[in-house]
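Keep the structure open beside you and try each task before reading its solution.

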Amino acid sequence: MGVEQIWSLDNPVFKAFISYGVVVVVKTMAMSVLTARQRFAHKAFVNPEDTASMKDKEGGRLKVTAHDAVERVRRCHLNDLENVIPFFLIGLLYVSTSPDLSTALLHFRVFTGARLFHSVAYLLPLPQPSRALGFFAGYVTTLSMAYRAIAATGFFF
């Protein structure tokens, strides 16, 4: 398959990667909105300028403060950033090796499902090891794509 064919929507692997990639990137972006929602719901802002026009229950200026619910969403968002970006970059390298469609779909689906599950487990929260299993399923999937990409080059083997 030529370079122009790899990065074409006629390539079913690339098309699948775009689809699953968009899902995990949009989910990561949604965490920003959820963080903002939690900040307003709990009146927990970290910058003084964010509270300048807000009043507390007694009519005084709202204080800068943290809240556990906000911090939980922020940690989940950070975990997404730490995992989705490598998946996306390694995924592009993996797609460039023209992998088998069924193998690629397995990688993309497991990663996407693992990240969705990880977020649910983090935000509800579900008891451990639920969140850890979601994390490691996605992490190992990304490592598998990295291994397959480097193995396809014959560089180390």
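**Exercise 1: Placing an asparagine**

Asparagine 79 sits in helix 4, which spans residues 68–95; the model you are looking at is predicted.

Task: Decide whether asparagine 79 counts as buried or exposed, and find which residues it touches beyond four places away in sequence.

Solution: Start with the cut-off: buried means under 20% relative accessible area. Asparagine 79 has 13% relative accessibility, so it counts as buried. Next, look for its partners: leaving out residues up to four places away in sequence, asparagine 79 is in contact with Arg115, His118 and Phe135.

**Exercise 2: A patch on the surface**

Task: Work out which helix gives the largest share of the nonpolar patch, and whether methionine 29 is buried or exposed.

Solution: First, list the members: Leu9, Ile18, Val22, Val25, Val26, Met29 and Phe88 make up this surface patch, with about 580 Å² of accessible area together. Then assign the residues: helix 2 (residues 12–42) supplies the largest share, five residues. Methionine 29 lies in this helix 2. Its relative accessibility is 54%, and exposed means over 50%, so methionine 29 counts as exposed.

**Exercise 3: Into the core**

Task: Find which residues have the most contacts inside the largest nonpolar core, and trace what phenylalanine 108 touches.

Solution: The largest nonpolar core has 15 residues, and Phe87, Val95 and Phe108 have the most contacts inside it. Two or more residues come from each of helix 2, helix 4 and helix 5 (101–123). Helix 2 gives the largest share, five residues. Finally, phenylalanine 108 touches Val13, Ala16, Phe17, Tyr20, Phe87, Tyr94, Val95 and Met145, with residues up to four places away in sequence not counted.

Definitions and conventions. Residues are numbered from 1 along each chain as its sequence is written. This is a predicted model: local features need pLDDT of at least 70, side-chain atom pairs count only at pLDDT 80 or more; totals for chains, interfaces and linings use all residues. Side-chain values use heavy atoms; hydrogens and water are left out. Helices (H or I, at least four residues) and strands (E, at least two) are DSSP runs, numbered from the N terminus. Buried means under 20% relative accessible area, exposed over 50%, partly exposed in between (1.4 Å probe, protein chains only). Contact means heavy atoms within 4.5 Å. Patches are made of residues with over 30% relative accessible area and no salt bridge: like charges are joined within 9 Å, nonpolar side chains (Val, Leu, Ile, Met, Phe, Trp, Tyr) within 5 Å. Accessible areas come from the Shrake-Rupley method with a 1.4 Å probe; for residues, only the protein chains shown count as cover. A salt bridge is a side-chain nitrogen of Lys or Arg within 4 Å of a carboxyl oxygen of Asp or Glu. A nonpolar core is a set of buried Ala, Val, Leu, Ile, Met, Phe, Trp, Tyr and Cys residues joined through side-chain atoms within 4.5 Å.
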